[in-house]
Amino acid sequence: MLKDIEKLLIEGNFQFQSKIIQNPEKYSFEKKIPKYPILFLTCMDPRIDVRRIFQLDPGDVFILRNAGNVYTLDMMRSILIAIHKYKIKYIVVLGHLECDMTKMNLKKLREELPNEFLKRLSRNYSDLLLELRNFFKPFDNEIRNIIEQINNLHKIKAIFPDIEITGMLYDTQTGWIFKSENFRDFLIHKNHLKIYKGLLYEKNQQLSKFLEENNDKEALIELADEIEVEELDLKEENDSLLIEETKITNVREDKLQKSVDNENASFQITMPKIQVPKILIPKIKIHLPKSVKDSDD
Ligand SMILES: [Zn+2]
């Protein structure tokens with residue numbers, strides 16, 4: 001079995017070497033590393049490929065990973081080196097939807113993990129569950145975890161005040177990245193599905209603009225086709241739903257923006273009576289993360 005794994009990896013490296021031979025310039029590193037003064041703290045989830053998500057190259061940024069993009073003592077060690085030696089200026093906590101750290105069952109772990117490990121973790125067995133929690137650092141909600149890790153990273157900022165820290169959320173299903181100003185939207189208790197659809201709708205609008213600006217006609221046609229298909233599908237499904245969705249999209253920007261700025265704002269959205277002449281909903285798959293569904297109380 002290990003032989004098969006080694007074969008897979010070594011053959012992959014042969015393919016890499018073949019690409020280097022064909023395009024040596026593409027694979028040569030700039031002298032200055034990293035190219036951008038950015039460090040990502042992200043999850044070890046194998047669906048996250050930071051370079052691919054942001055279309056970066058080797059040597060561009062630092063990427064630190066662990067289970068749940070959690071700031072730990074060892075992360076602090078690496079971050080300090082990156083700041084001190086490599087002049088990092090920006091730290092991005094990149095969390096993601098459907099993180100398995102939200103699904104960790106500590107009681108089950110307590111039953112399953114080898115006794116030897118549990119003994120080492122807690123010498124007196126006084127509160128093994130608490131010890132397990134402290135050790136594995138699970139969390140209930142990906143967005144709240146990002147916010148918590150940003151808060152933890154302010155210990156670094158206390159030492160290096162010039163460092164800027166932000167959070168981003170990755171949707172492993174759609175490939176979209178959401179900035180921290182959208183986090184409040186994800187945490188709103190009601191209408192998760194509609195709000196998430198609204199966010200994706202906005203993203204598709206921005207994408208359309210981006211493609212226009214970059215004169216990417218092929219991708220624009222693909223996107224337009226998807227919009228048409230979805231428009232038909234949804235019309236057949238339910239007309240009233242469509243109208244409601246469009247209203248959400250139209251009112252969400254200013255209504256929710258106010259909420260973002262106000263901790264105590266009410267997140268109830270009052271629907272204005274507006275007539276929508278044309279309804280365009282991009283074809284978007286909605287995958288609500290479990291944590292978001294669960295918090296709908
Ligand atoms: Zn994860």
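This is a predicted model: local features need pLDDT of at least 70, side-chain atom pairs count only at pLDDT 80 or more; totals for chains, interfaces and linings use all residues.
Q: At what angle do helix 4 and helix 8 pack?
A: Two packed helices are described by the angle between their axes and the distance between the axes. Helix 4 (residues 73–86) and helix 8 (residues 142–159) pack at about 35°, with axes 12 Å apart. Axes are lines fitted to C-alpha atoms over the stretch in contact, and angles run from 0 to 180 degrees between N-to-C directions. Helices are DSSP runs (H or I, at least four residues), numbered from the N terminus.

Q: Which residues meet there?
A: Met76, Ile79, Leu80 and Ile83 of helix 4 meet Leu153, Ile156 and Ile159 of helix 8. The contact (heavy atoms within 4.5 Å) has 7 nonpolar residues, no polar and no charged. Ala, Val, Leu, Ile, Met, Phe, Trp, Tyr, Cys and Pro count as nonpolar, Asp, Glu, Lys and Arg as charged, the others, Gly among them, as polar.

Q: Which protein atoms are donors of the zinc ion?
A: Donors are N, O and S atoms within 2.8 Å of the metal (3.2 Å for Na, K and Ca); water is not among the atoms, so sites may look incomplete. Here they are Cys43 (SG), His96 (NE2) and Cys99 (SG), 2.0 to 2.3 Å from the zinc ion. Their sequence spacing is C-x52-H-x2-C.

Q: Is serine 122 buried or exposed?
A: Buried means under 20% relative accessible area, exposed over 50%, partly exposed in between (1.4 Å probe, protein chains only). Serine 122 is buried, because its relative accessible area is 1%.

Notes
Residues are numbered from 1 along each chain as its sequence is written. Side-chain values use heavy atoms; hydrogens and water are left out. Helices (H or I, at least four residues) and strands (E, at least two) are DSSP runs, numbered from the N terminus.
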